[in-house]
Amino acid sequence: MMKRALTAVTALFTIIVIGRFVIVAQDMKPPIAKKVPKVLKIHGYEITDNYAWLRDRNDKKDPAIIKYLEDNNKYTESFMGKHSGFVDSLYKEMLGRIKQDDTSVPYKKGAYWYFVKTEEGKQYPIYLRGTKADGSDASVLIDQNELAKGHEYFAIAEFDVSDDGNILAFSTDTTGYRQYTLQFKDLRTGKVLPEKFERVTSFVWTPDNKTVFFGTEDGVSKRSDLIFRYVLGGDKPAEVFNEKDVLFNSYVGRSRDGKMLFIGSSAKTMDEIRYLASDTPTGDWKVVSPRREGHQYSADFDMGEFYFVTNRDGAENFKVDKAPVSDPTEKNWKPFIPYRPDVNIEGIDFFKDYAVVSEKENGIEYLRVMDRKTRRADMRIQTDEDVYTMGLGQNPEYDTPFIRYNYASMITPSSVFEFDLRTRTSKLIKQQEIPSGYDKSKYETTRVWATARDGVKVPILLMMKKGTKLDGKAPMLLYGYGSYGVSLSPSFSTSRLSLVDRGMIYGIALIRGGGELGEKWRLAGRMFTKMNTFNDFVDSAKWLVANKYTSSDRLVIQGGSAGGLLVGAAVNQSPETFHAAIAQVPFVDVMNTMLDDTLPLTTEEWIEWGNPNEKKAWDYMVQYSPYDNVKKQPYPNMLIEISINDSQVPYWEGAKFAAKLREFNTNPKSAILLKTNMGAGHGGSSGRYDRLKEIAFDYAYALTEVGIDR
């Protein structure tokens, strides 16, 4: 790689010999993208896009684009070259905190216990099962390492065994484009069956162990629009549903008791669900409640009745209704869990004689257990910390004496607990091991509340070394997202310790647009209130500086995807507030992307961001679109990371953004870096070691930007 770099771009060299290693430190100039003006006229605007030529949707990209991306990779490698030893030491440090030979907690389904194990030196897990909970008689179902041979990227999505335990259905992606191929393996013979279905998005078995339902996506837009029924060994699949509304995606599901099948159609603000008894797979699907704007609901089935988590009748944070199997249409819905405005119901899971409600109050997650047999009072599972994250784990069995739930905090390693439904007691059955050692008492975590410009209080999660002085001198990495109602939880990360151990405070701003404080919080940061998201983040950063948690010249920000949009909007709005920024697979070319209805995600997101074909939406969205708001001003240092096979946010968005930033940046001291993963998609590399190297690189960048290089 180094040899190629020498021939591509003019550089100055300093050669250092250390033992048998030769390090070439390069002082390269950033690649300058050519300008090819493309003019868009819309709603009275005339927009010139000089870098539209970087867009190429063909599998084989224009060689000029590939060269530009590769030249940028060389420039980024050159810029970080003097820190390559630090990157490597961070990687080894992070690797030392991972138990490389490890086994997951087995979960039971039918007659078998299923689990995965990882082995030192191998990128991917191995999937196993046995009849004993301790795994002593386990056999291999799939070795992902073997399947991944010859592929730079390899991911498994669906992994589900038929009710009788005989046939495994699994789906794989070999590019990172999140385009999955569904296959079947006969676990009695070990043979992979000849059936192979492309672009599969969801999947369920039926109780006859031979009929399956699966969803597929459109080949251009990647919208999940078709549902098929198929009998193993049969002819071609039969189409049972076609979702034609471009705002909606469809999916299939099945109740935990196995008795009811569902086809869901979901848009950002409404749902429509169909149902069919699972023992009559060729029957007619019936609609529960027809779609209507503003009505969001999900469906389940238990003890002969339907249950719906719904926001109807003004239940903004959702309630649970039930209906008889004879006629579950909306006229027959009756209250099961009444609406409580201060509690956000995120879901309900049914087990034999029990139900577990996932809920959130004041931004804190709870699991509430309902005993439907004895009618004991409901109880929330107790926790020892005030700021944490918890949620149900893998619990495929319906008739079970216990459930598994996951628990962690920013200072408590990821843990799996077993909760006895009868005695109502929890038992820790596995906690993440850190081979190099970890002392929780050396760290502290808290939640503080910043004040945004409109007076709204915004929560920020913080983790730091105990005893950190809040005198404005501590460096900080502040992370944010704030879209789609997604909640950023105070989870545990062994990699994050490499920041905090070096004196850096790690923060997560829970800004409007996310779901941390319920549905109101989500609605206050979408469509025509989206500016709140970016204002909250900038104001949170300024609050942290004002309250001496950090200072602007010690503050690095980070966000990915819609969080990359957040970072882009923040540096445009208030570049002086941040010293450096990491924007990962950033959604920054908002107007051009949202005008193109052939791109993945575009149409379904018109009711999340707005449809810029409409002037009102254009006028609002163009206020914050990062690419359209780059202007002559001093920008902070930036690391922009993209992936060539990204189906969610095309690579050219970040590439164009970097080119335009370099053109307009008036800060002679700041550097705009562009780094392209040439063999992965939206989530980065698939192998665990490769992914860890990416994190080490990002954290080395964040640390060196604030003067920490060892």
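This is a predicted model: local features need pLDDT of at least 70, side-chain atom pairs count only at pLDDT 80 or more; totals for chains, interfaces and linings use all residues.

User: Which residues are closest to the centre of the largest cavity?

Analyst: The lining consists of 14 residues, and those closest to the centre are Gly 363, Tyr 388, Leu 488, Ser 489 and Pro 490. When the lining of this largest cavity is sorted by class, it has seven nonpolar, three polar and four charged residues.

User: What lines the second largest cavity?

Analyst: The second largest cavity has about 30 Å³ of space, and its lining is made of Ile 47, Thr 48, Asp 49, Asn 592, Tyr 627, Asp 628 and Lys 660. Strand β4, which covers residues 45–49, supplies the largest share of that lining, namely three residues. Sorted by class, the lining of the second largest cavity has two nonpolar, two polar and three charged residues.

User: Now for the cores: which residues of the largest nonpolar core touch the most other members?

Analyst: A nonpolar core is a set of buried nonpolar residues joined through their side-chain atoms. The largest one here has 121 residues, and Leu 69, Leu 462, Leu 478, Ile 557, Met 638 and Ile 640 are the ones that touch the most other members. Helix α12, residues 688–705, gives the most to this core, with nine residues. There is also a second, separate core of 16 residues, and among them are Phe 351, Val 356, Tyr 405 and Phe 417.

User: What is Leu 478 in contact with, leaving aside its neighbours within four places in sequence?

Analyst: With those neighbours left aside, the contacts of Leu 478 include Ile 460, Phe 537, Ala 541, Leu 544, Leu 555 and Ile 557.

User: Why does Ala 700 count as buried?

Analyst: A residue is called buried when its relative accessible area is under 20%. Ala 700 has a relative accessibility of 0%, and therefore it counts as buried. Ala 700 belongs to helix α12, and, apart from neighbours within four places in sequence, Ala 700 is in contact with Met 80, Phe 86, Val 87 and Leu 90. The C-alpha atoms of Ala 700 and Asp 88 are separated by 9.2 Å, although these residues are 612 residues apart along the chain.

User: Where is Ser 540 found, and which residues does Ser 540 touch beyond four places away in sequence?

Analyst: Ser 540 is in helix α7, residues 531–546, and it counts as buried because its relative accessibility is 0%. Beyond four places in sequence, Ser 540 touches Ala 450, Val 458, Ile 460, Ala 509 and Ile 511. A polar atom of the Ser 540 side chain also lies 2.7 Å from the backbone oxygen of Asp 536.

User: Is Thr 577, which lies in a loop, buried or exposed?

Analyst: Thr 577 sits in the loop between α8 (562–573) and β39 (580–584), and at 4% relative accessibility it counts as buried. The side chains of Thr 577 and Ser 574 are joined by a polar contact of 2.5 Å. Leaving aside neighbours within four places in sequence, Thr 577 is in contact with Ala 541, Lys 542, Ser 552 and Leu 555.

Terms used: Residues are numbered from 1 along each chain as its sequence is written. Side-chain values use heavy atoms; hydrogens and water are left out. On a 1 Å grid over the protein atoms alone, a cavity is a set of points where a 1.4 Å probe fits but cannot get out, and a pocket is an open set with protein on both sides within 12 Å along at least five of seven lines; lining residues have an atom within 4 Å of a point. Ala, Val, Leu, Ile, Met, Phe, Trp, Tyr, Cys and Pro count as nonpolar, Asp, Glu, Lys and Arg as charged, and the others, Gly among them, as polar. Grid points are joined across faces, edges and corners, and a volume is the space filled by probe spheres set on the points. Helices (H or I, at least four residues) and strands (E, at least two) are DSSP runs, numbered from the N terminus. A nonpolar core is a set of buried Ala, Val, Leu, Ile, Met, Phe, Trp, Tyr and Cys residues joined through side-chain atoms within 4.5 Å. Buried means under 20% relative accessible area, exposed over 50%, partly exposed in between (1.4 Å probe, protein chains only). Contact means heavy atoms within 4.5 Å. A polar contact is a pair of N or O atoms within 3.5 Å; within protein, one must be able to donate a hydrogen and the other to accept it, and residues adjacent in sequence count only if both atoms are side-chain atoms.
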